[in-house]
Amino acid sequence: MQNILSIIQQYKIADEICANEYENCSAQIRGLLKTAIAFHFSESVYPKNCEQFTEHSSSGFCQGYKKQNISALLFLVDKKYDSPAKFLSLLCRSIRANVQQCFVFIDKNMPEETFHLFINCLELCGIENSYYLPDKAVLNDFYAKLQKIAGTQVKLINCNKSKQDFIALKQKDIFTENLPLEIIAQKSQKKFLELAYGKSAAVTYQTQNPPQTARKHFQNILERSLEQGKDNYDISFISTKTADQNYGMGMEFCFTHPQLPQNFFNDTIIFSNLENNYPISE
């Protein structure tokens, strides 16, 4: 592994840079990120590795499968990508899926404030393999050599608004995150939502007297849904507007990505054949 890491060593984001970004992060933003990480870690549950074989079946087929975690994952974040909340959702899910090696490559030419947030996401999640995004030739060389020693398929999450082809990978191994969102929220949340979702979200702001209890907030959502159906939003922080994901104040970074395939972090082998193709030996 050390020989492979030498390929990208010059692009390593120095530990002191990460530490400084963390120290200079406001307590308010850090608290929102910690809330989101705790939320994702509590909500993201993945099945354990398993292996099963059925030799005899009423169907006449013998079948088997093996499911194991992928050993390596690459995150590529381009300079125009400005949604740390969506990135954090995917990053936390990869950690909960027990991916052994997670490498994050961030374009150093992205806006400084956005870069600060990404680094803090990595620091709070304990990601040590963070690098500036190298050129395509270096990235392809690293990927090819990592694939040879990984033991399972190396996959990639491409956080990309520039539609760049960073690396020569089969399409099935890539998840591209460029999902646009529609959000409705309270006016007081504007600063945090702009930091969390950047230009990837169209946000409608309105004033609301917040419900007195969480139960009342939920009841408002249920009543709205029964009366008029779901409103046209992906995320709602307003109790009288329903969306696919409904949150309360303080959960601005808690978006859960709905499009990532459930088995993305697994390497699965499936076997099937006719039982009569294998005569029982004496």
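These legends walk through several close-up views of a predicted model. Residues are numbered from 1 along each chain as its sequence is written. Local features need pLDDT of at least 70 and side-chain atom pairs count only at pLDDT 80 or more, while totals for chains, interfaces and linings use all residues, and side-chain values rest on heavy atoms, with hydrogens and water left out.

View 1. Helices (H or I, at least four residues) and strands (E, at least two) are DSSP runs, numbered from the N terminus. The C-alpha trace spans about 80 × 55 × 30 Å along its principal axes. Of the 282 residues, 46% count as buried; buried means under 20% relative accessible area, exposed over 50%, and partly exposed in between (1.4 Å probe, protein chains only). Take the contacts (heavy atoms within 4.5 Å) between residues at least 6 apart in sequence: 73% of them join residues at least 24 apart.

**View 2. The largest pocket, about 220 Å³ in volume.** On a 1 Å grid over the protein atoms alone, a pocket is an open set of points where a 1.4 Å probe fits, with protein on both sides within 12 Å along at least five of seven lines; lining residues have an atom within 4 Å of a point. Grid points are joined across faces, edges and corners, and the volume is the space filled by probe spheres set on the points. There are 13 lining residues, and Asp82, Pro111, Thr114, Gly198 and Lys199 are the closest to the centre. Helices H5 (112–125) and H7 (190–197) each bring at least two residues to the lining, with H5 giving the largest share, 3 residues. By class, the lining has 5 nonpolar, 2 polar and 6 charged residues. Here Ala, Val, Leu, Ile, Met, Phe, Trp, Tyr, Cys and Pro count as nonpolar, Asp, Glu, Lys and Arg as charged, and the others, Gly among them, as polar.

**View 3. The largest nonpolar core, with 58 residues.** Such a core is a set of buried Ala, Val, Leu, Ile, Met, Phe, Trp, Tyr and Cys residues joined through side-chain atoms within 4.5 Å. Phe87, Tyr197 and Phe265 touch the most other members. Elements that each supply at least two residues include helix H3 (27–43), strand E3 (72–77), helix H4 (84–96) and strand E4 (101–106), but H5 gives the most, with 7. Apart from this core lies another, of 21 residues, among them Tyr131, Val138, Leu156 and Ile174.

**View 4. Leu91 in helix H4.** Leu91 is buried, at 0% relative accessible area. Leaving out residues up to four places away in sequence, Leu91 touches Phe75, Cys102, Val104, Cys121, Leu122, Cys125 and Ile127. Gln63 is another story: 28 residues from Leu91 in sequence, but 34 Å away in space, C-alpha to C-alpha.

**View 5. Ser44, in the loop between H3 and strand E1 (50–54).** Ser44 counts as buried because its relative accessibility is 11%. Residues up to four places away in sequence aside, Ser44 touches Arg93 and Arg96. Ser44 and Arg96 sit 52 residues apart in sequence, yet 6.5 Å apart in space, C-alpha to C-alpha.

**View 6. Asn98, in the loop between H4 and E4.** Phi of Asn98 is near 60°, a positive value in a residue other than glycine. Most residues other than glycine have a negative phi.
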